[in-house]
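Hi,

Here is the structure for you to look over. My findings follow below it.

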Amino acid sequence: MGFFSTIFGFFGFGLGISIGLVAGYFLFIYVQSSDVEDPEIQPLVDQDPKTLERMLPEIPLWVKNPDYDRLDWLNKFLEYMWPYLDKAICKTAKDIAKPIIAEEIPKYKIDSVEFEKLTLGSLPPTFQGMKVYVTDEKELIMEPSFKWAANPNILVAAKAYGITATVQVVDAQVFASPRITLKPLVPSFPCFAQINVSLMDRPYVDFGLKLIGADLMSIPGLYTYVQEFIKDQVANMYLWPKTLEVPIMDPAKAFNRPVGLLRVKVLRAMKLRKMDLLGASDPYVKLKLTESNMPSKKTTIKQKNLNPEWNEEFNMVVKDPQSQALEFMVYDWDKVGKHEKMGINVIPLKDLPNDEPKVLTLDLLKTMDLNDPQNEKNRGQLELELTYKPFAEEDLQKGYDETQTLEKAPEGTPPGGGLLVVIVHEGQDLEGKHHCNPSVRLILRGDEKRTKHLKKSRDPRWEEEFQFVLEEPPTNDKLHVEVVSNSSKLGLLHGKESLGYVQISLSDVVSNRRINQKYHLIDSKNGQVQLELQWRTAE
């Protein structure tokens with residue numbers, strides 16, 4: 001009897017479990033509670049500020065402000081590079097601090113101050129976003145916003161009167177929004193000459209400070225005092241419009257300013273070749289500095305003379321005597337047709353002494369290739385007197401702001417007149433019907449100047465400078481500026497077309513001395529051209 005009861009009990013348990021599982025499954029699937037409501041979904045824009053702060057405790061700037069761009073790539077870069085940046089920054093900080101400390105500690109009768117430990121910790125700063133400003137000047141303005149919750153370990157030991165005291169900085173937090181300006185932008189690496197840094201708001205600074213192991217910030221009132229003191233000191237030094245200026249490049253090279261004056265006196269030529277059919281030549285000399293946009297200098301023409309004497313002087317502005325050279329070319333003038341080249345040569349300026357005249361007699365060559373067999377023929381000689389006068393050092397060591405002041409007109413400018421300088425910077429959204437190979441024509445009082453052609457460019461950048469010497473201020477004149485495009489293919493069909501023009505009144509330039517702005521082109525849909533106009537006088 002006990003055996004059967006065990007068998008029936010086992011089957012009853014198994015049958016009960018099976019029936020219970022099947023019944024529970026069907027009840028779960030087909031029977032739903034009537035008091036369960038669907039959740040109410042609302043857009044984030046409909047939430048009040050407190051709810052948003054509770055849901056999203058830290059909203060990045062690029063979410064709140066569309067002018068800010070995301071910098072996830074930069075944060076990822078800092079995350080991987082931080083161990084190496086930490087060591088490099090700390091080493092640089094030590095190198096900068098050591099001479100400053102050595103100069104200051106004797107004033108306070110301190111024997112020594114040394115860094116026993118210096119590390120910024122394992123946590124890099126995080127950039128919340130960056131805003132970039134676009135201006136018409138040669139500069140780049142950025143406003144990054146970063147937060148840095150660091151775990152540094154900075155231990156400084158000071159020794160005086162045989163006693164050593166240690167000060168340790170730990171657990172620092174820095175929140176700041178600096179404005180970083182790179183200016184001016186120059187065509188030499190790293191492409192900017194100076195960094196200006198200023199703070200747009202008072203920064204948030206918090207850190208722990210220990211003296212001989214004791215937490216100084218736990219002293220009542222000291223924590224708030226130290227925080228406010230640091231904020232005030234930093235704000236007094238760097239809160240906008242005050243700036244921290246960090247020079248990157250040598251001012252003379254960065255701003256491409258003149259560093260000296262080359263005086264060239266063309267004395268004479270000897271034994272020139274006969275270029276005309278009647279056994280004579282009509283020579284003149286053309287002078288030009290390499291790496292310079294200034295026009296060439298020319299002597300007068302000596303008719304039918306194989307041994308001419310000129311004794312004519314020219315002044316040429318030098319910007320880099322180590323790399324520039326004086327090119328001279330002797331031509332035979334022809335009344336009809338192209339002038340024939342009689343010979344050339346080059347004089348490197350680095351070979352000239354300072355402030356001392358040097359007379360050189362140079363052979364005329366066919367080409368500047370020393371291995372060219374045509375150079376073995378006698379083409380005559382040219383005698384020159386060269387004097388290089390470098391400018392004084394105090395005139396060269398100027399910052400960017402000082403270079404913004406206008407230069408005076410050169411010697412020889414007509415009294416009562418001046419020099420109109422036109423710098424063609426760039427064009428934007430230029431569009432032609434058949435082609436777009438733009439160049440700029442400048443016409444003033446019948447004098448025409450033109451930039452070089454740039455092929456297939458709707459946003460060309462020329463950066464070319466032109467000068468107009470005027471007998472009187474152009475208060476009633478207008479500068480005609482026209483952007484033209486020439487076909488790059490041979491043929492008469494659609495060979496040249498205008499991309500737009502503008503007439504610029506020069507009265508504002510005379511009164512303001514300098515204008516730099518973009519002008520919308522007439523007869524163009526969206527085309528613009530950026531020009532800088534300067535009016536320079538001898539006064």
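How many helices and strands are there in the protein chain? The protein chain has nine helices and 26 strands. Keep in mind that this is a predicted model.

First, the overall numbers. The protein chain has 539 residues, and 36% of them count as buried.

Next, the surface. F77, Y80, M81 and Y84 make a nonpolar patch of about 490 Å². Y80 sits in helix 4, which spans residues 72–104. Is Y80 buried or exposed? Its relative accessibility is 60%. The cut-off for exposed is over 50%, so Y80 counts as exposed.

Then the cysteines. How many disulfides does a search of the whole structure find? The search finds zero. A disulfide would be a covalent bond between the sulfur atoms of two cysteines.

Two residues to look at here are C90 and C436. C90 has a relative accessible area of 6%. C436 comes in at 14% relative accessibility. Buried means under 20%, so C90 is buried and C436 counts as buried too.

Best wishes

Key: Residues numbered from 1 in each chain as written. Predicted model: local features only at pLDDT ≥ 70, side-chain atom pairs only at ≥ 80, totals over all residues. Heavy atoms only, no water. Disulfide = S-S within 2.5 Å. Buried < 20%, exposed > 50% of the residue type's maximum accessible area, 1.4 Å probe, protein only. Patch = residues over 30% accessible without salt bridge, like charges linked within 9 Å, V, L, I, M, F, W, Y side chains within 5 Å. Areas by Shrake-Rupley, 256 points an atom, 1.4 Å probe, with all protein chains shown as cover. Salt bridge = Lys/Arg side-chain N within 4 Å of Asp/Glu carboxyl O. Helix = DSSP H or I, 4+ residues; strand = E, 2+ residues; numbered from the N terminus.
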